[in-house]
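Open the model in your viewer and keep the selection tool at hand. We will take the stops one by one.

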Amino acid sequence: MNRIPVMRPTIGREEADAAAEAIASGWVAQGPRVREFERAFAERVGSGDAIALSSCTAALHIALELVGAGPGDDVIVPSLSFIATANAVRCVGANPVFADVELETQNLSVASVGERLTPRTKAVILVHQAGVPAEVEAMHDFLDPLGIAIVEDAACAIGSTYRSAPVGTHSGHIAFSFHPRKLLTTGEGGMLAVACGDSARRGRRLREHGMSVGTAERSDAGEVIVESYLEPGFNYRMTDIQAAVGLVQLERLEGIVARRRERAQRYQELLAAIPGLRTIADPPYGTTNFQSFWVLLPDECPASPVDVLGQLLDAGVSGRRGIMAAHLEPAYAHHPHGPLPVTEKLATRSLILPLHDELDDAAQDRVVDVLGAAVTSGAIG
Ligand SMILES: Cc1ncc(COP(=O)(O)O)c(C=O)c1O
């Protein structure tokens, strides 16, 4: 019996050819394809500009630098997120403050952020968890008058929409990931969508050690340009090989999202037969790309997610635990935080089912059958 993987990138011959072309061109580090990818990406998500980076973590770090967060500042984040969200706050020397999330969307709400505001709050990282769009306009209405910046963590949300526009258009700084667990992959990689020219200029500079001129621009200049280093920065560059892959992936994106949404709807229909099981769903104001198809076990189910994952594995199905909570990990065990009841419920009672292009009806039926048996019998594996 073939193991059903939890995720499989939709990537193939065209990406391999594009990468080979980049290598043959001699531009194997950051070069013209990176700029082309940035332009195409900004156009796709409707942002003013976009800065290609080595990861979404790098994009979050740069975004926090751009909004001026630093030592002595609080930055509110959901604990319920991949740990990179909290770690990015530590990159600028600020203090991550964990706020709770909503059960339905797994995202921060105005109320949960309001509970954690302090006079030191400089920014909020608003995560679109598992691709479910967060209520970004309500958050702007609340935080803009207070002068608190919003950085959107859209690591998982390429192709999701908020009020009919792509996630990527609603804030000044929006970070995306191209890790293979995401819909669009460049192997590793990330993008920071920005609204204004100042952020674009300084963000590009920070990406390259604070250099006054980018490598590709210097090479194109046709005259001698001696660069200077205007401020301390980082090496967060993307390579042209990655960008070549990303350009092909962008072309595929619409089809990938459509296929995932079709498969997700089939899951939702089949899983409705399991009493009390909650699944990821579109919020009333937007559409999700279903980057991760999470389910929350019913309260009365005696089996834990680890038990259920074990039974799925025995049946040849790879699942994953649900979204993690940073405050439950050793890295943040001693970090002070207020009550986070919804976060703890989601982190300890949910799991992620396989979802990818090649998941056919038979495979999906197998997943649903095993899950149904595990939940209703409560059998401990
Ligand atoms: C919500 C969230 N933020 C940030 C990241 C970090 O992305 P990257 O691995 O590209 O740094 C991830 C990765 O899974 C994520 O899920």
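Select Cys 56 and the ligand together. A polar backbone atom of Cys 56 lies 2.9 Å from an oxygen atom of the ligand. Remember as you look that this is a predicted model.

Next, pick Lys 182. Its side chain places an N or O atom 2.7 Å from an oxygen atom of the ligand.

How many residues surround it? There are 14, and the closest are Cys 56, Thr 57, Asp 153, Ser 177 and Lys 182.

**Next stop: H3 and H7**

Select residues 56-66, which form helix H3, and residues 197-207, which form helix H7. Their axes are 10 Å apart and the packing angle is about 125°. H3 and H7 are therefore oblique to each other. Their crossing is right-handed.

Show the side chains at this contact. H3 brings Ile 62, Glu 65 and Leu 66. H7 brings Ser 199, Arg 202, Gly 203, Leu 206 and Arg 207. By class, the H3 and H7 contact holds three nonpolar, two polar and three charged residues.

**Next stop: H2 on H9**

Colour the contact residues. On H2 they are Pro 32, Arg 33, Val 34, Glu 36, Phe 37, Ala 40, Phe 41 and Arg 44. On H9 they are Asp 240, Ala 243, Ala 244, Gly 246, Leu 247, Leu 250 and Leu 253. The contact of H2 with H9 has ten nonpolar residues, one polar and four charged.

**Last stop: H1 on H9**

Keep H9 on screen and select helix H1, residues 13-25. H1 and H9 pack at about 150°, and their axes are 8 Å apart. This angle makes H1 roughly antiparallel to H9. The crossing of H1 past H9 is right-handed.

Which residues make this contact? From H1, select Glu 14, Glu 15, Ala 18, Ala 19, Ala 22 and Ile 23. From H9, select Asp 240, Ile 241, Ala 244, Val 245, Val 248, Gln 249 and Arg 252. The contact of H1 with H9 counts eight nonpolar, one polar and four charged residues.

Before you close the viewer, click Asp 240 and Ala 244 again. Both belong to the H9 side of the contact with H2, and both belong to the H9 side of the contact with H1.

Notes. Residues are numbered from 1 along each chain as its sequence is written. This is a predicted model: local features need pLDDT of at least 70, side-chain atom pairs count only at pLDDT 80 or more; totals for chains, interfaces and linings use all residues. Side-chain values use heavy atoms; hydrogens and water are left out. Contact means heavy atoms within 4.5 Å. Helices (H or I, at least four residues) and strands (E, at least two) are DSSP runs, numbered from the N terminus. Ala, Val, Leu, Ile, Met, Phe, Trp, Tyr, Cys and Pro count as nonpolar, Asp, Glu, Lys and Arg as charged, and the others, Gly among them, as polar. A residue is near a molecule or strand if one of its heavy atoms lies within 4 Å of it. A polar contact is a pair of N or O atoms within 3.5 Å; within protein, one must be able to donate a hydrogen and the other to accept it, and residues adjacent in sequence count only if both atoms are side-chain atoms. Axes are lines fitted to C-alpha atoms, for helices over the stretch in contact, and angles run from 0 to 180 degrees between N-to-C directions. Angles under 35 degrees count as roughly parallel, over 145 as roughly antiparallel, 65 to 115 as roughly perpendicular and the rest as oblique. A crossing is left-handed if the near helix is turned anticlockwise from the far one by less than a right angle, and right-handed if clockwise.
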